[in-house]
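Open the model in your viewer and keep the selection panel at hand.

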Amino acid sequence: MPIHEKSLIRPENLLTHENLEIEGIDVSGHWSTFIESRVVTDYNEALEDEIAALPGGENIHRCWQCGSCTNACTVNALNPDFNPRFWIYLVRMGMEQELLRDKDIIWQCVSCHKCTYVCPRDVVPEGVMKATAHWLELKGHRPKSPSMLFDEVFSEQVFATGKIEEGRTLRGFFQRTGQSLTQDWLVEMIKRLLRHLPVKLMIILGLANVIRPRTRGWAGARAAIEEYVEEQETRQRQALGLDRPPATGAERPLAEAAE
Amino acid sequence: MNKPVLILGGGPAGLTAAHALASIGQKSVLVEKEDRLGGAPILSGYARLVPSREWAKDAIGGMVERVAGNGLVDVRTSMTVKEFSGEPGNFTAKLADDSTIEAGAAVLCTGFTHFDSVSKPEWGFGTYPDVVTTTQVEQMFSSGQGVRCPSDGRKPKRVAILLCVGSRDRQIGREWCSKVCCTVSCNIAMEIREELPDCHVYIYYMDIRTFGLYEDLYYWKSQEEFKVKYIKARIAEVTSDGEKLIVKGEDTLVKRPITIPFDLVVHAIGMDPNVDNMLLSSIFGVELQKHGHIARASTYSAMGATSRPGVFVAGAATGPETIDDSIAQGQGAAMAALAGAPAVKAAAE
């Protein structure tokens with residue numbers, strides 16, 4: 001039997017015919033309104049396995065829907081639509097379309113880990129949120145988030161040299177997120193820095209940018225890390241049924257991401 | 001007591017009472033209506049028991065052996081009592097074959113009857129061959145066959161277990177919780193996942209009542225180690241599209257109607273009062289409580305006492321009961337029969 005609770009009726013599920021006549025009776029407009037069924041007709045067991053294959057999602061199958069995570073959630077306090085308990089359920093039952101309705105807010109988790117501490121079953125909901133956000137990106141439902149782009153710039157640099165050069169990280173991040181290098185706050189910061197004439201710092205920064213020093217004996221570590229990362233990414237792509245590697249960074253426009 | 005104790009019913013409670021009495025030198029007569037001892041776990045072909053995971057035929061079989069081979073226990077199978085009269089310490093029972101037994105006391109260990117799922121036709125039992133009961137799944141395991149769809153013998157890919165079939169349902173006059181079905185269902189779900197790792201198992205529940213230590217050993221374990229899924233929904237009906245069974249209901253957590261295809265639907269059937277309870281009540285002169293189980297005279301002061309002095313009760317005859325609690329009650333009732341009968345008689349004189 002259909003469930004008609006007004007709050008559950010979605011505008012896209014309302015069907016109305018502008019001109020409709022049934023057995024000689026004009027039922028145009030709202031007289032012909034139908035509410036499309038919201039019936040769940042199947043479970044998709046693959047979805048839970050996909051999320052569980054991504055880092056953080058491993059314990060999703062433990063959830064018994066008590067709602068402690070949502071109760072504790074920092075973001076939920078500001079946005080009642082941010083509901084980890086609900087999304088965990090949608091993933092577990094494979095209600096993918098329902099999950100995608102919230103694709104633009106799932107990534108907003110601030111990783112405060114309050115849910116991790118209250119969860120009686122050690123589901124680690126924060127990890128599940130991270131895995132779900134990652135899943136949305138890998139599947140192309142969302143463009144890469146700024147934090148993902150930052151992580152990429154950061155780790156690419158570490159993988160290459162074993163070191164971090166902040167100026168380079170910042171430039172890379174701004175470039176990939178399409179931000180200007182002459183932002184007011186950055187210009188102001190550099191101006192104030194220059195007032196002190198930090199000659200030694202400028203020499204170090206300058207040299208680091210020209211020479212790009214590496215950690216001694218980094219080649220071996222780099223090979224091991226790259227092998228591991230490749231292995232993990234291949235495993236994740238396989239688990240998600242993706243046969244080609246995801247496009248990187250900002251080169252991937254939103255329109256293509258949504259294909 | 002010189003006279004034997006009459007024990008009615010050879011299940012876990014009755015076997016325990018007979019063994020307990022024999023172990024302190026007391027004779028008993030064990031009357032069993034079926035042709036063999038063991039009660040529901042043996043007669044219904046249960047597989048591995050909760051919580052020991054021992055096979056029923058080994059665990060209960062051992063209890064049968066130590067009673068059947070005991071000279072102090074007079075076992076009468078395929079036998080019933082048709083008349084019962086007398087006072088505590090001096091009862092006379094007339095059996096179906098017209099023989100009589102002089103007994104000092106009687107212990108009713110008459111157990112329960114499995115709920116008949118035909119009484120809930122909307123859930124498809126009796127209409128579709130692939131709708132089965134927990135008892136049938138137990139038999140699939142205990143026979144060594146494994147879980148298969150009865151219609152064509154295929155291995156199911158998706159199984160639904162419906163809880164509270166014949167329990168907690170005013171529509172059919174079953175207002176009690178049958179106590180064991182949640183734990184049994186968790187156990188069955190794990191066994192299915194163990195035998196068929198590609199088969200997904202869904203349990204539809206109103207509440208999960210895996211009480212006490214069964215919580216983590218069954219409910220948690222089934223979720224955490226065996227990935228059994230639990231959905232809070234009382235199923236409205238089970239139909240078929242010609243190929244699969246269609247389970248309809250409301251998923252209360254997402255407030256949406258569901259119509260999900262399944263290969264096999266399992267009814268977690270409850271424990272009814274024994275169908276013979278009205279007869280037993282009139283023969284033994286004991287009162288029944290409101291649900292039709294044999295009424296206990298006291299909760300705290302007298303173990304296993306019924307409304308009639310000298311007649312005691314143990315196990316699932318009093319209401320839905322686990323095997324281990326039935327065993328404890330069988331021992332308690334044996335003690336009460338031994339100690340209580342002469343004392344009650346002395347007080348009466």
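**Stop 1: the contact between chains A and B**

Select the contact: 18 residues come from chain A and 17 from chain B, where two residues are in contact if their C-beta atoms, placed from the backbone, lie within 7 Å. This is a predicted model, in which local features need pLDDT of at least 70 and side-chain atom pairs count only at pLDDT 80 or more, while totals for chains, interfaces and linings use all residues. Residues are numbered from 1 along each chain as its sequence is written, and chains are lettered from A and ligands numbered from 1 in the order in which they are written.

On the chain B side, colour α6 (214-224), β12 (229-232), β14 (245-251) and β15 (256-262), the elements that give two or more residues to the side touching chain A. Helices (H or I, at least four residues) and strands (E, at least two) are DSSP runs, numbered from the N terminus. β15(B) gives the most, with 6 residues.

**Stop 2: the core around B:Leu108**

Next select B:Val107, B:Leu108 and B:Phe312, which touch the most other members of the 133-residue largest nonpolar core. Such a core is a set of buried Ala, Val, Leu, Ile, Met, Phe, Trp, Tyr and Cys residues joined through C-beta atoms within 7 Å; buried means 20 or more other C-beta atoms within 10 Å of a residue's own. Not counting residues up to four places away in sequence, B:Leu108 touches residues including B:Leu8, B:Phe284 and B:Ala317.

**Stop 3: chain A**

Of its 259 residues, 19% count as buried.

Methods:
A residue is buried if 20 or more other C-beta atoms lie within 10 Å of its own, exposed if 12 or fewer, and partly exposed in between; C-beta atoms are placed from the backbone.
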